Amino acid sequence: SSAALPLRCDGVVIGVLRLYSGEVNAFDEEIRNLLTEMATDISFALSLFAKSAERVRAEEELRLAAKVFEQSAEGVVITDPDHNILKVNRAFSVITGYEEAEVLGQNPRMLAAETNDEHQSRAMMESVREEGYWQGELLGRRKDGSLFAEFLSISRVLDADGNITHNVGIFSDISEQKASQEHIQRLAHY
C-alpha cells in the first residue's frame, strides 16, 4: 500500500508526504483521515514559517529605511494629506535649526521665506496634487530668521486605492553653491 498527501505553503503545493506499507490495504479510512490531518498540520506549519521569514525580511527592510531616513544628508519632511508635519529627520534639524518636537503638527510653510512667490507656491502644490511631484529652488527660513537657498522635491504617497496618504519633501541647502555661482558670474563679467 502507498499514500501520497500534498504539503502546501500558502496554498501552493511544495512537496508530498509519501508513505509505504508492506501490508495490503494498510491505510483504512481512519488512518487516511489521520494522515490528511497530519499533512494539513504540516502545511499550516510551513505557511507559518514562511510568514515568519517574510516578517523578518520586512522588519529588516523597515530598519534599513529608517537608517536611510535618519542618516540622509538631505532634510526630509513627511506630512499628512492636510500638510501637517508628522516626521522630520536629523538633517532637517541641522539645516533649519528646528527640532522635531517644535514642528510636529505645523505646516511646512512656516519654513518659507516671505520673498517666495505666492503664485509659485500654488503652482507647486497643484503640481504635487495633479502630477504627483514637484521640484525646484526656493528660499527657506531657519529658526534664527536667516534665509537659505534650498533645492526641494515634493512627492505624494498614495495608498492602494489611489488616495493621498502622505507628502514627502526632501530638500538640501544649496546656499554655498548659489554663492559660488554668483561669485563666478562676478568674476566672469567684472
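**Pocket, rings and loops**

Modeller: Helix H4 gives the most to the lining of the largest pocket, with 5 residues. Please keep in mind throughout that this is a predicted model.

Biologist: Which elements give two or more residues to the lining of the largest pocket, and which residues are the closest to its centre?

Modeller: The largest pocket holds about 650 Å³ of space. Two or more lining residues come from each of strand E3 (75–79), helix H4 (118–131), strand E5 (133–141), E6 and E7. Out of 28 lining residues, the closest to the centre of the pocket are Asn107, Pro108, Arg109, Met124 and Ile154.

Biologist: How do the residues of that lining divide into nonpolar, polar and charged?

Modeller: The division covers the residues that line the largest pocket, 28 in number. They divide into 14 nonpolar, 8 polar and 6 charged.

Biologist: How many aromatic pairs does a search of the whole structure find, and what is the geometry of the pair formed by Phe92 and Phe171?

Modeller: The search of the whole structure finds 2 aromatic pairs. A pair of aromatic rings is described by the distance of the centres and the angle of the planes. For Phe92 and Phe171, the centres are 5.9 Å apart and the planes make an angle of 85°, and with over 60 degrees as the cut-off this pair is edge-to-face.

Biologist: Which parts of the chain does the pair of Phe92 and Phe171 tie together, and are these two residues buried or exposed?

Modeller: Phe92 belongs to helix H2 (residues 90–96) and Phe171 to strand E7 (residues 164–173), so the pair ties together parts that are 79 residues apart in sequence. As for accessibility, both Phe92 and Phe171 are buried.

Biologist: Which class of geometry does the aromatic pair of Phe148 and Phe171 fall into, and which residues do the ring pairs link into a cluster?

Modeller: Phe148 and Phe171 have ring centres 6.4 Å apart and planes at 40°, which makes the pair tilted. This pair links distant parts of the chain, with Phe148 in strand E6 (residues 147–158) and Phe171 in strand E7, 23 residues apart. Both Phe148 and Phe171 are buried. The cluster that the ring pairs link consists of Phe92, Phe148 and Phe171.

Biologist: Where is Arg142 placed, and which side chain does a polar contact join to that of Arg142?

Modeller: The loop between E5 and E6 is the place of Arg142. Beyond residues up to four places away in sequence, Arg142 touches Ile95, Thr96, Tyr98, Leu147, Phe148 and Asp173. A polar contact of 2.5 Å joins the side chain of Arg142 to that of Asp173.

Biologist: Is Ser43 buried or exposed, and which backbone nitrogen does the side chain of Ser43 reach?

Modeller: Ser43 is found in helix H1 (residues 29–71), and at 10% relative accessibility this residue counts as buried. Ser43 touches Pro6, Leu7 and Arg8, with residues up to four places away in sequence not counted. At 2.8 Å, the side chain of Ser43 reaches the backbone nitrogen of Arg8.

Biologist: What values of phi do Asp10 and His83 have?

Modeller: Asp10 is in the loop between strand E1 (2–9) and strand E2 (12–20), and counts as partly exposed at 47% relative accessibility. His83 is in the loop between E3 and strand E4 (85–88), and with a relative accessible area of 25% His83 is partly exposed. Neither residue is a glycine, yet phi is positive in Asp10, near 55°, and in His83, about 70°.

Conventions
Residues are numbered from 1 along each chain as its sequence is written. This is a predicted model: local features need pLDDT of at least 70, side-chain atom pairs count only at pLDDT 80 or more; totals for chains, interfaces and linings use all residues. Side-chain values use heavy atoms; hydrogens and water are left out. Helices (H or I, at least four residues) and strands (E, at least two) are DSSP runs, numbered from the N terminus. Buried means under 20% relative accessible area, exposed over 50%, partly exposed in between (1.4 Å probe, protein chains only). A polar contact is a pair of N or O atoms within 3.5 Å; within protein, one must be able to donate a hydrogen and the other to accept it, and residues adjacent in sequence count only if both atoms are side-chain atoms. Contact means heavy atoms within 4.5 Å. Rings of Phe, Tyr and Trp (its six-membered ring) pair if their centres lie within 6.5 Å; planes under 30 degrees apart count as stacked, over 60 as edge-to-face and the rest as tilted. On a 1 Å grid over the protein atoms alone, a cavity is a set of points where a 1.4 Å probe fits but cannot get out, and a pocket is an open set with protein on both sides within 12 Å along at least five of seven lines; lining residues have an atom within 4 Å of a point. Grid points are joined across faces, edges and corners, and a volume is the space filled by probe spheres set on the points. Ala, Val, Leu, Ile, Met, Phe, Trp, Tyr, Cys and Pro count as nonpolar, Asp, Glu, Lys and Arg as charged, and the others, Gly among them, as polar.
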